[in-house]
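Biologist: I'd like to learn how to read salt bridges in a model like this one. Could you walk me through them?

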Amino acid sequence: MKQRIITGIIVVLIMIPILLFAQTPVLPIAIAVGSVIAMFEMMRCIGLQKAYAFAIPLYALAASLPFLSRFMALGSLNATVKPESAKHLAQYGAIIMIIILFYFFTVAIFSRGKYNLSDVCVLFATAFYILMGFNSIIILHDNEVGGHVLYLAIFVSAWMTDVFAYFCGMLFGRDGKHKLIPDVSPKKTVEGSIGGIIFCVLGMMIFGMLCNWLTEYDSNILMFALGGVLASIVSQIGDLLMSYVKRHYSIKDFSQLFPGHGGVLDRFDSILAVSIAMMCLTTFVDFF
């Protein structure tokens with residue numbers, strides 16, 4: 001427990017300057033590094049880390065997409081219609097992933113059975129998820145009204161859910177009678193899940209109020225509350241998804257990069273899911 005707390009504090013101290021200087025190259029650099037490490041962790045989990053025909057293109061994408069996302073946003077700063085940038089990002093992203101999909105299938109077909117088709121499909125799906133999750137942070141920050149403030153809601157909601165789901169599970173679900181999904185994550189309880197949602201909503205509402213007081217934006221507190229519900233549910237699904245992958249491939253952690261916490265995918269599993277959900281949600285509704 002002591003090691004876990006110390007590592008958590010160190011991670012937070014590293015994250016603070018990255019978030020504070022998100023408008024500089026610091027954010028895309030950090031996301032590129034995180035994406036490459038996460039991609040390696042996933043490929044090693046699946047057993048394809050030495051399949052260079054897959055690894056090299058994925059590393060290249062993981063390292064370059066954050067800068068492409070930032071470059072396209074900067075190129076549209078003077079545009080009268082800001083959403084065009086996000087639209088182009090979505091189009092280019094879809095094209096890239098379709099190319100990667102056909103490339104993966106081609107490599108699998110001509111490998112003469114060297115690569116298992118199900119593993120290739122899992123790699124593509126998880127790679128798409130990882131790339132979307134990390135790059136959604138930059139897309140939200142750079143392309144939405146108040147995005148340089150709103151993107152912080154990704155971390156607020158994910159961390160509030162993680163922390164209070166843990167403590168509520170410890171306090172109210174210690175008898176273990178109401179397991180959430182024991183086949184995937186034996187320690188998670190219904191009480192913890194509900195507690196995570198409640199405190200995430202409260203945290204998001206407080207965050208929205210702070211945005212009202214400290215920024216030039218007028219927050220829609222109701223939307224922050226509803227966003228908190230969605231973000232907390234998605235956060236827990238993201239956590240369970242990575243647990244499901246680990247259980248399927250019989251590993252405990254994706255790596256030991258963060259002692260007591262595991263690897264990048266162990267530590268940022270919820271954030272990947274929430275960032276995608278927040279990016280999609282802001283396409284249809286306004287928080288400010």
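Modeller: Let's start with lysine 252, which pairs with aspartate 253 in a salt bridge, the closest N and O atoms being 3.6 Å apart. The term means a side-chain nitrogen of Lys or Arg within 4 Å of a carboxyl oxygen of Asp or Glu. Keep in mind that this is a predicted model, where local features need pLDDT of at least 70 and side-chain atom pairs count only at pLDDT 80 or more, while totals for chains, interfaces and linings use all residues. Residues are numbered from 1 along each chain as its sequence is written, and side-chain values use heavy atoms, with hydrogens and water left out.

Biologist: Is lysine 252 buried or exposed?

Modeller: Buried means under 20% relative accessible area, exposed over 50%, and partly exposed in between (1.4 Å probe, protein chains only). Lysine 252 has 70% relative accessibility, so it counts as exposed. Aspartate 253, at 21%, is partly exposed.

Biologist: How many salt bridges turn up in the whole structure?

Modeller: The search finds five. One of them joins the side chains of arginine 70 and aspartate 142, at 2.5 Å from N to O. That pair links distant parts of the chain, 72 residues apart: arginine 70 lies in helix H3 (residues 52-75) and aspartate 142 in helix H5 (residues 117-143). Helices here are DSSP runs (H or I) of at least four residues, numbered from the N terminus.

Biologist: And what is the relative accessibility of arginine 70?

Modeller: It's 9%, so arginine 70 counts as buried. Aspartate 142 is buried too, at 13%.

Terms used:
Helices (H or I, at least four residues) and strands (E, at least two) are DSSP runs, numbered from the N terminus.
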